[in-house]
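This report describes selected features of the structure shown below.

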Amino acid sequence: MNISIPLPPVPASRPRVTRWATFYGKKYTDYKKNLYDFLITEYPRFTTIEDAISIKKLVFRIKMPKSWSKKKKALMNGEKHIVKPDLDNLEKALFDGLNGTIIKDDSQIWESFYRSKIWDYEGSTEIELGY
């Protein structure tokens, strides 16, 4: 199953712990909410997977900064993204957002073959799931 998510990827943030509550950053919580809303509207009749899941391919397309020139953007489009955010933080945010929609829980993911992050004109995420 292939899923294309047209939302710019956001890394998982560290929880902020106070005496009364624990909370996450606004960008991270907004990303999870938008991802959930997108999946519910795009895949309304899809049954939640409850079996073990394999991630065959996971590509994060990171949006290039507006400050870059057109020439630099043309040069960097599709190239390796080797600066922050880290790949594992992007993956954590995505998996947290998938909970309760396409998959029951992210603990069902038992392997991941190909993961990458590249520069792109618009941010998005591509996932290829296997069983």
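Predicted model: local features only at pLDDT ≥ 70, side-chain atom pairs only at ≥ 80, totals over all residues.

The partners belong to distant parts of the chain, with arginine 61 in strand E4 and glutamate 126 in strand E6, 65 residues apart.

Glutamate 126 of E6 also stands opposite valine 59. Strands E4 and E6 run antiparallel and are joined by seven bridges.

## The sheet

An open sheet of four strands has the order E1-E6-E4-E5, with mixed pairing. E1 and E5 are its edge strands, each pairing on one side only. On average, neighbouring strands of this sheet are turned by 15° against each other, direction ignored.

Helix H3 packs on the sheet and touches E1, E4, E5 and E6; the direction of H3 makes about 115° with that of E4.

H3 covers residues 87–98. Its twelve residues should span 16 Å at 1.5 Å a residue, and the end C-alpha atoms are 17 Å apart, which agrees. The buried residues of H3 are Leu90, Glu91, Ala93, Leu94, Phe95, Asp96, Gly97 and Leu98. Among the elements that cover these buried residues are helix H1 (26–42) and strands E1 (2–5), E4 (53–63), E5 (109–120) and E6 (124–130).

The loop between helix H2 (70–76) and H3 contains proline 85. The peptide bond from lysine 84 to proline 85 is cis, with omega near 10°. After H3 comes glycine 100, which has a positive phi near 80°. In general, most peptide bonds are trans, and most residues other than glycine have a negative phi.

## Further salt bridges

The structure holds six salt bridges. One of them joins glutamate 91 to arginine 115, with the closest N and O atoms 2.7 Å apart. This pair also links distant parts of the chain: glutamate 91 lies in helix H3 and arginine 115 in strand E5, 24 residues apart. Glutamate 91 has a relative accessible area of 10% and so is buried, whereas arginine 115, at 37%, is partly exposed.

Another salt bridge is formed by the side chains of lysine 26 and aspartate 30, at 3.1 Å from N to O. Because lysine 26 and aspartate 30 are four residues apart in helix H1, about one helical turn separates them. Lysine 26 counts as exposed at 62% relative accessibility, while aspartate 30 counts as partly exposed at 29%.

Conventions: Residues numbered from 1 in each chain as written. Heavy atoms only, no water. Helix = DSSP H or I, 4+ residues; strand = E, 2+ residues; numbered from the N terminus. Expected span 1.5 Å × (residues − 1). Buried < 20%, exposed > 50% of the residue type's maximum accessible area, 1.4 Å probe, protein only. Contact = heavy atoms within 4.5 Å. Pairing = 2+ DSSP bridges. Axes fitted to C-alpha atoms, helices over the stretch in contact; angles between N-to-C directions. Salt bridge = Lys/Arg side-chain N within 4 Å of Asp/Glu carboxyl O.
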